[in-house]
Amino acid sequence: MAWLVLLFSGVLEAGWAISLKLSEGFSRLVPSMAFLVLAAGSFAGLAWAMRLLPVGPAYAVWTGVGAALTAAIGMIWLGDAVSVLKIVSIVLIIAGVLGLNLAGVGH
């Protein structure tokens, strides 16, 4: 269960990162409020998961999921440049997250 909460918290991390971009420096109300809600949920989930999981793998999974998803969203919907190296790098991040889960760290 802790891994699922952690993965969901990583998704929320991508949400707050995208909201932060869309807030245009906290000058737009709705994305700014979304940032606050998503960041609080993301950190709360991370904190809860870290009660049961080792800090290193937990933090690596949280940031990895958030980074990979944020990069993909940026390339798909926000006009960020796409390259083979970026796509390969995202795949490697996902492989690392899966590897940590398959290794059974924290079980």
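**Helix packing in the predicted model**

The chain holds four helices and zero strands, and from the N terminus on its elements follow the order α-α-α-α. The coordinates are those of a predicted model, and the packing described here should be read with that in mind. Taken along the principal axes, the C-alpha atoms fill a box of roughly 45 × 35 × 15 Å. A compact globule of 107 residues would have a radius of gyration near 13 Å, and the 14 Å of this chain agrees with that.

Helix α1 covers residues 2-22 and helix α2 covers residues 29-50, and the two pack at an angle of about 155° with their axes 8 Å apart. Because angles over 145 degrees count as roughly antiparallel, α1 and α2 are roughly antiparallel to each other. Their crossing is left-handed. On the α1 side the contact includes Val5, Leu6, Leu12, Glu13, Trp16 and Leu20, which face a set of α2 residues including Pro31, Phe35, Leu38, Phe43, Leu46 and Trp48. The residues of this contact divide into 16 nonpolar, six polar and one charged.

Helix α1 also packs against α3, with axes that come within 8 Å and cross at roughly 40°. That angle makes α1 and α3 oblique to each other, and α1 passes α3 in a right-handed crossing. From α1, residues including Trp3, Leu7, Gly10, Val11, Ala14 and Ile18 meet α3 residues, among them Ala58, Trp62, Thr63, Gly66, Leu69 and Ile73. By class, this contact of α1 with α3 has 15 nonpolar, five polar and one charged residues. Leu6, Ser9, Glu13 and Trp16 of α1 are listed in the contact with α2, and these four residues are also listed in the contact with α3.

The remaining pair to describe joins α3, residues 55-77, to α4, residues 84-102, at an angle of about 150° and with the axes 9 Å apart. That makes α3 roughly antiparallel to α4, and the crossing of α3 and α4 is left-handed. Pro57, Ala60, Val61, Gly64, Val65, Ala68, Ala71, Ala72 and Met75 of α3 meet Lys86, Ile90, Ile93, Ile94, Val97 and Leu100 of α4. Sorted by class, the contact of α3 with α4 has 13 nonpolar, one polar and one charged residues. Within α3, Pro57, Val61 and Val65 take part in this contact with α4, and they are also found in the contact with α1.

The annotation record can be set beside this picture. An unreviewed UniProt entry places the feature "transmembrane region" at residues 33-52, 59-78 and 84-105. In the model, residues 33-52 are 90% helix and 0% strand, with end C-alpha atoms 30 Å apart, while residues 59-78 are 95% helix and 0% strand, with end C-alpha atoms 26 Å apart.

Methods
Residues are numbered from 1 along each chain as its sequence is written. This is a predicted model: local features need pLDDT of at least 70, side-chain atom pairs count only at pLDDT 80 or more; totals for chains, interfaces and linings use all residues. Side-chain values use heavy atoms; hydrogens and water are left out. Axes are lines fitted to C-alpha atoms, for helices over the stretch in contact, and angles run from 0 to 180 degrees between N-to-C directions. Angles under 35 degrees count as roughly parallel, over 145 as roughly antiparallel, 65 to 115 as roughly perpendicular and the rest as oblique. A crossing is left-handed if the near helix is turned anticlockwise from the far one by less than a right angle, and right-handed if clockwise. Contact means heavy atoms within 4.5 Å. Ala, Val, Leu, Ile, Met, Phe, Trp, Tyr, Cys and Pro count as nonpolar, Asp, Glu, Lys and Arg as charged, and the others, Gly among them, as polar. UniProt positions are given in the numbering used here, feature names are shortened, and annotations may be inferred rather than shown by experiment. The radius of gyration is taken over C-alpha atoms; the globule rule is 2.2 Å times the number of residues to the power 0.38.
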